[in-house]
Amino acid sequence: MSEVMSPRRVCIVTGSSSGIGAATVRLYARNGWNVVVNCSRDTVPAEAIAAECRTLGVDALVVKGDVSSDADCRRLAAEVEARFGRADVLVNNAGTTKFVAAADLEGLSAEDFQRIYAVNVIGAYQMSRALTPLMQRHQGAGIVNVSSIASVMGMGSSIAYMASKGALNAMTIGLARALGPAIRVNAIAPGLVETPWLQQGLGAERYAQAVEGYKARSALAAVITPEDVADAAWWLGAGAAKTTGEVLLLDAGLRLTRG
Ligand SMILES: NC(=O)c1ccc[n+]([C@@H]2O[C@H](COP(=O)([O-])OP(=O)(O)OC[C@H]3O[C@@H](n4cnc5c(N)ncnc54)[C@H](OP(=O)(O)O)[C@@H]3O)[C@@H](O)[C@H]2O)c1
């Protein structure tokens, strides 16, 4: 057992220098949790988010690491143990894709699948494995995987991305069985979320069309915000004491229409 033991609960969010991950660490920090901010490339935005969290009176640790590297995942877990001595919630949010029209079968190579799976599926597995021993030390621990509605609707940035998120859903259920009763494992499958992800992937004009199209087709006539996903990650991580193995669709009712 580590000599360091934070009385505050600790939330680790992968890919939290931007978008959904950043909104999630902010929400946990606002609720008095210590947070771990992670990204694989530029740490400047991650440091800014950590500084913002510290103004709320909590501690925030920035760990640069690529979730597709098992060594990076284990190093992150070791840094969390050294700094806080505990890990209560892990949000596996880091993700990647390639934008390729689904009908363009030649547009995806085996290497594209492997790169996307390495982050979206294997990365979540490696992070969960690295942190499980620390998470098992305290009651009420939870893992939240950020999936996508692409996994159940057959739409999204590419077939490889849809398949990777389907695999993540299956892994969520498998880990929920394997890690209970100590750790609950759930997933959120959001629809179109307003983050740099789609803006950069589609370009300004196609992004604006996608937003308008989504609003026109969803029952609630809305797209999803990063804060909407953070709310769900808060409930599934910090609350939801009797919920495990759940994949929560967060799509403003897109699935209720004809798509
Ligand atoms: N936006 C949407 O419409 C939408 C919809 C459904 C699901 N999602 C899912 O939501 C998650 C977050 O997406 P977002 O929209 O918030 O994207 P975003 O704004 O582009 O943020 C992505 C974050 O992930 C980090 N990241 C990327 N690869 C990483 C890796 N290998 N290891 C560690 N960190 C990594 C990025 O930082 P670095 O670049 O520095 O690594 C960044 O912090 C993804 O899993 C995505 O599949 C998004």
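User: Which residues cover the two faces of strand β4 (residues 89-92)?
Analyst: On one side there are V89 and V91, on the other L90 and N92, and all of them are buried. Buried here means 20 or more other C-beta atoms within 10 Å of a residue's own, exposed means 12 or fewer, and partly exposed is in between, with C-beta atoms placed from the backbone. Helices (H or I, at least four residues) and strands (E, at least two) are DSSP runs, numbered from the N terminus.

User: Before we go on, what kind of model is this?
Analyst: It's a predicted model, where local features need pLDDT of at least 70 and side-chain atom pairs count only at pLDDT 80 or more, while totals for chains, interfaces and linings use all residues. Residues are numbered from 1 along each chain as its sequence is written.

User: OK, back to β4. How many bridges join β4 to β5?
Analyst: Four, and β4 and β5 (residues 141-146) run parallel. Two strands count as paired if DSSP finds at least two bridges between them. L90 sits opposite I143 in β5, and N92 has N145 as its bridge partner there.

User: And how does the chain get across from β4 to β5?
Analyst: Through α4, in a right-handed β-α-β crossover. Right-handed means that, with the strands pointing away from the viewer, the path from the first strand over the helix to the second runs clockwise.

User: What about β4 and β1, parallel or antiparallel?
Analyst: Parallel, with three bridges between β4 and β1 (residues 10-13). I12 is opposite L90 in that pairing.

User: Why do you call β5 largely enclosed?
Analyst: Because six of its six residues are buried. A141, I143 and N145 point one way, and G142, V144 and V146 point the other. β5 also pairs in parallel with β6 (residues 183-190) over six bridges, and A141 faces I183 there.

User: Which residues touch the most other members of the largest nonpolar core?
Analyst: C11, V25, V35, V37, I188 and V229, in a core of 76 residues. The largest share, nine residues, comes from α4. Such a core is a set of buried Ala, Val, Leu, Ile, Met, Phe, Trp, Tyr and Cys residues joined through C-beta atoms within 7 Å.

User: What does V37 touch?
Analyst: Leaving out residues up to four places away in sequence, its contacts include V13, V25, I49 and V62.

User: Last one: is R177 buried or exposed?
Analyst: Exposed, because it has 10 other C-beta atoms within 10 Å. R177 is in helix α6 (residues 159-179).

Methods. Two residues are in contact if their C-beta atoms, placed from the backbone, lie within 7 Å.
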